Amino acid sequence: MAEGNALTIAALPADGHAWRIDWFGEIAFPNRMIRRKQPSVLLHLSRVIDERYHEDHSVLLNPESTFVAKQRKVWVSAGTLPLLHIGDIWRDGLLETTPDYEFESFPDLDIGPETVGLIKAGLNLEENGFLLPRGEHPWHMQATQSYCLMVDLPGERRLIIPCIELIRFYFGSSSNLLTKLFLPPLNRDALYSKAHYSKINGQLSMALAEGISGASAADIGRMHLDSTAWRSAVNVGTSLLKASVSNQEIHPQAHFPFEGVTTLTASGKWLSFAGQSRATFVVFSLRSCSHPFPFRSLRYDVKDPRAASANTTSHIDPSMPHLVKPARRSSDRQLVEEDASGKLTRQARAVWAAQRFTDLTTKTIWKNKILAVPPSGAVLAARPTSETNAAVGDAGSDRRVRSVDLQIRGT
C-alpha cells in the first residue's frame with residue numbers, strides 16, 4: 001500500500017483480523033446526532049479465514065476463504081469511497097492489500113442504451129438462473145436489492161458492475177465531488193463557473209467552485225461538455241430522492257458518463273450461468289477506461305480562502321490531476337464518522353492510484369490561477385495538532401475533527 005493511502009478508517013473492525021469488503025449496500029444517514037452533513041454507505045464485510053491469501057490471492061476467489069455466513073455491516077461516509085473497493089482486505093482500519101482476483105480487459109465495448117441495462121444484484125434472468133449465483137458469489141446476498149449495470153459481451157456473456165463502484169470510479173476523484181452527487185440537487189455552480197471551450201484548439205477553461213480541487217477538473221470538464229456525463233452525475237442524487245419516498249432501503253442508480261466505444265479493465269470474478277461457465281464477469285473494482293474525454297487540454301482556476309492576492313501559474317504532469325499539497329500525515333490520526341469542525345482548516349490528502357483514464361496520459365491539464373475568496377471563519381492554524389481526527393464532508397460541528405478532502409492522484 002502506498003504511503004499516501006495509510007489512513008485509518010475508524011468504522012472498520014479493529015480486532016486484529018483481516019476483513020474483506022464484500023459489497024456496497026444502501027445509502028442513509030445512520031446517526032444524525034453526529035453526522036448530518038454527509039450520507040453514509042453500508043459496507044458488507046466478512047472475516048478472511050484462509051490465511052494462504054498472503055502468498056496466493058487466488059484463494060480469495062473461493063467463497064469459503066471468508067466467513068461470509070457472519071458478515072459484519074458498518075457505515076462509512078460516502079466521501080470515503082475513493083479509498084474503498086470491493087475485494088480489498090483491511091486490518092485494524094488500515095488497507096492491507098488490493099488483490100487482483102481475476103484481472104480482465106474488455107476491448108471495444110459498445111456503451112449505449114442497446115447494450116447496457118440497469119439490474120438488481122439478485123436478478124433471476126428470465127427465470128433461467130441468478131446472474132450472481134449464491135454458490136459462487138455469496139458476498140452480495142445481504143444486498144440483493146442493490147443496483148448494478150449489465151453490459152453485453154460477445155458470446156451471450158455479460159459484464160456486471162455494481163452501481164456504487166461505477167460512481168466511485170467515474171466520479172470518485174475527490175471526496176468533495178462525491179459529496180455533491182450524494183446530496184441532491186446537483187447544480188453546476190456548485191462545481192464550476194466561467195467555462196469556455198475553444199473548438200479551434202480543443203481547450204476547455206473553467207473556474208472550479210470553492211472546495212472543489214483540481215483532482216476533479218477532468219471529471220467536471222467531461223460533465224460540462226458531454227450531456228450524457230452531466231445526466232449521469234445528476235442521476236445519482238435523483239435516484240436517491242426517488243427511493244427515499246418509498247420508505248425502503250435507498251440504493252443509488254448509476255450510468256456510464258458517455259456513450260460510445262471503450263476498453264475497460266477490471267478486477268473481479270467469472271461466474272457461470274445456465275450451465276455455461278465463465279458467462280458472467282462481476283466487477284469488484286474498475287481499473288481503467290479508454291473512452292476519450294471531450295477536450296484536448298484543460299485549464300482551470302481554483303478558489304482557496306488561504307490564497308494570496310497574487311495569482312500563480314503552473315504546469316503539471318498530464319498523467320495526473322493537480323492536487324493541493326496534502327496535509328502532513330501527523331495531522332490526521334483517524335478518519336471518523338462525525339461532522340467536522342468549522343473552526344479548523346480544511347485539508348487535502350492524496351490517494352495514490354494507477355491512472356484510471358488512459359486518454360488523459362496524452363492530454364495537458366493546467367492549474368492556471370489560485371483565486372482568493374472571503375475566509376469562512378475557520379481558524380488557520382500554522383501547525384495543526386497531532387491529536388486531530390479527520391472526517392470527509394462539510395463542516396457542521398464544534399468537535400475537534402478536521403475536514404479532509406480525499407483526492408485521487410495518479411502514479
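Predicted model: local features only at pLDDT ≥ 70, side-chain atom pairs only at ≥ 80, totals over all residues.
Entry 1. I started with the total: the structure holds 12 salt bridges. I then went through some of the pairs one at a time.

Entry 2. I looked up Asp50 and found its side chain in a salt bridge with that of Arg52, at 2.8 Å from N to O. I checked how accessible each partner is. Asp50 has a relative accessible area of 15% and is buried, because the cut-off for buried is under 20%. Arg52 has 53% relative accessibility and counts as exposed, as the cut-off for exposed is over 50%.

Entry 3. Next I took Glu104, whose side chain meets that of Arg278 in a salt bridge of 3.3 Å, N to O. This pair links distant parts of the chain, 174 residues apart. I placed Glu104 in strand 7, residues 102–111, and Arg278 in strand 14, residues 276–289. For Arg278 I noted 41% relative accessibility, which counts as partly exposed.

Entry 4. I turned to Glu210 and found a salt bridge with Arg346, where the closest N and O atoms are 3.6 Å apart. Glu210 sits in the loop between strand 12 (203–208) and helix 3 (217–225), and Arg346 in the loop between strand 18 (340–341) and strand 19 (347–353), so the pair ties together parts 136 residues apart in sequence. I recorded a relative accessible area of 35% for Glu210, which is partly exposed. Arg346 is partly exposed at 39%.

Entry 5. Last, I checked for shared partners.

Notes:
Residues numbered from 1 in each chain as written. Heavy atoms only, no water. Salt bridge = Lys/Arg side-chain N within 4 Å of Asp/Glu carboxyl O. Buried < 20%, exposed > 50% of the residue type's maximum accessible area, 1.4 Å probe, protein only. Helix = DSSP H or I, 4+ residues; strand = E, 2+ residues; numbered from the N terminus.
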